[in-house]
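Please look through the sequence and the model with the following explanation at hand, taking each part in turn.

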Amino acid sequence: MDREWNDSQPIYCQLRDRVVAMILDGVLKEGDPLPSVRNVAAEYRVNPLTVLKGYQQLVDEGLVESKRGRGMFVNTGARNLLLKAERQRFLGEEWPRIRATIARLGLTATELLNGATHPTQHVSLGDAQAKPADSNPPKKER
């Protein structure tokens, strides 16, 4: 897990999101125990109640279960449940923005598929001609 927290949302939500990412990435598999509340709190220097609140969200969502005296464990089917929810969220929230950007830029399917493998040329707002993406602009001296 990343050791840095940002100010965009509460730490317990960020903690929950990190555990979700670990499940989706296969780092935590069904039946695996979550790191203990005490260990996470000590390692990331957060209040144990904050860790517990993040873990409780996962319990409330049916992704993990608490086994008294043994800890928290990833539920069977948690990854599939998360994949389904993340796909719906992506298609409902992110894809419309991405699709609008693609349309606005007039990109073709071929350009999109090859874009990650072939460097494109970029045009600076101040330049009239395109420069290769790996060119280095001259440094300004002070």
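A residue is called buried when its relative accessible area is under 20%, exposed when it is over 50%, and partly exposed in between, computed with a 1.4 Å probe and protein chains only. The model is a predicted one, in which local features need pLDDT of at least 70 and side-chain atom pairs count only at pLDDT 80 or more, while totals for chains, interfaces and linings use all residues. Residues are numbered from 1 along each chain as its sequence is written, and side-chain values use heavy atoms, with hydrogens and water left out.

Helix 3 covers residues 48-60, and its 13 residues reach 18 Å from the first C-alpha to the last, close to the 18 Å expected at 1.5 Å a residue, the expected span being 1.5 Å times one less than the number of residues. Its buried residues are Val51, Gly54, Tyr55 and Leu58. They lie on the same side of helix 3 because they cover an arc of only 95° around the axis, where the arc is that of the directions from the helix axis to the C-beta atoms. On the other side of helix 3, Leu49 and Asp60 are exposed.

At the start of helix 3, a side-chain oxygen of asparagine 47 comes to within 2.7 Å of the backbone nitrogen of leucine 49. Glycine 62, which follows helix 3, has a positive phi, near 80°.

The next topic is charged side chains. Side chains of opposite charge can pair when their charged atoms come close. A salt bridge is a side-chain nitrogen of Lys or Arg within 4 Å of a carboxyl oxygen of Asp or Glu, and the structure holds 4 of them. Arginine 16, which counts as buried at 16% relative accessibility, meets aspartate 17 in a salt bridge at 2.9 Å, N to O, and the side chain of glutamate 61 meets arginine 16 in another at 2.7 Å. Glutamate 61 lies in the loop between helix 3 and strand 1 and arginine 16 in helix 1, so this pair ties together parts that are 45 residues apart in sequence.

Methods. Helices (H or I, at least four residues) and strands (E, at least two) are DSSP runs, numbered from the N terminus. A polar contact is a pair of N or O atoms within 3.5 Å; within protein, one must be able to donate a hydrogen and the other to accept it, and residues adjacent in sequence count only if both atoms are side-chain atoms.
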